[in-house]
Amino acid sequence: MIRVAIVEDESIYQTKLTEYLKRLEKEIGEAMDIEIYSDGDEIVENYKAQFDMILMDVQMRFMNGMSAAEEIRKLDSEVIIVFITNMAQYAIKGYEVDALDYILKPVNYFSFSQRLKRAIERMKRREVRYITIRAKSGVTRLKISDVYYVESQGHDLIFCTNKGEFIATGTVKELEIQLADFHFFRGHKGFLINLEHVEGIYDNYALVNGEKLFISRRKRKTFMEALSQYWGEVMK
């Protein structure tokens, strides 16, 4: 079940987008639960990260789509946002709120379906995966996307996550093999970095969650190639 919100103040587009989603539902064989909001303030009020995807009109009477998306991003970093607009320049601004795409009005089904299929593919790539580690405090199950990086110190592995640090035993080489399918890269013998959380590259450092992690000269080229490939996959 894909949970979709339509945020659109024009009834004609509420109807059209709903019809298109129902058509796409049959085409891809995925059930969709659709909710309709007539303005940005309606979806922002009592928002609880309950949607997989939001189709957001940009220009609305009380709260425009950009403002609504900014508020939603404070509560939900995962939901896919696709803007519906008749002004292409809003697409650039959409990157500020991590919008996946935009669809120009008047909306035709072919363009709509291609962009929505891409959005659904991205959503499926975000399916939750876990890793179980034997921490000193006991066995701990971590969501892989919550791990910023892993630091090797002696015989310990320090998992730096959005829930704090977890210390486990093991080698970074073994962990690198275990996480090979999850966009982790060894930028230095002491760090295994989750490419999902790389904010940028500055000189010989990767900025990850506000921290500078050293990238060795020997690893720099392959790290940049891996990062470029990952960013390319995310933007597909």
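Strands β13 and β14 (residues 205–208) run antiparallel and are joined by 4 bridges; strands are DSSP runs of E with at least two residues, numbered from the N terminus, and two strands pair if DSSP finds at least two bridges between them. The model is predicted, with local features requiring pLDDT of at least 70 and side-chain atom pairs counted only at pLDDT 80 or more, whereas totals for chains, interfaces and linings use all residues. Residues are numbered from 1 along each chain as its sequence is written, and side-chain values use heavy atoms, without hydrogens and water.

Tyr 202 has Tyr 205 in β14 as its bridge partner. The strands belong to an open sheet of 3 strands in the order β13-β14-β15, with antiparallel pairing. Because β13 (198–202) and β15 (211–214) each have a single partner strand, they stand at the edges, with one side of each left without a neighbour in the sheet.

The structure holds 7 aromatic pairs, defined for rings of Phe, Tyr and Trp (its six-membered ring) with centres within 6.5 Å; planes under 30 degrees apart count as stacked, over 60 as edge-to-face and the rest as tilted. Tyr 149 and Phe 191 form an edge-to-face pair, at 5.8 Å centre to centre and 70° between the planes. This pair links strand β8 (residues 147–153) to strand β12 (residues 191–194), its members being 42 residues apart. Tyr 149 and Phe 191 are both buried (under 20% relative accessible area; exposed is over 50% and partly exposed in between, with a 1.4 Å probe and protein chains only). Tyr 205 and Phe 214 are likewise edge-to-face, since their ring centres are 5.7 Å apart and their planes at 65°.
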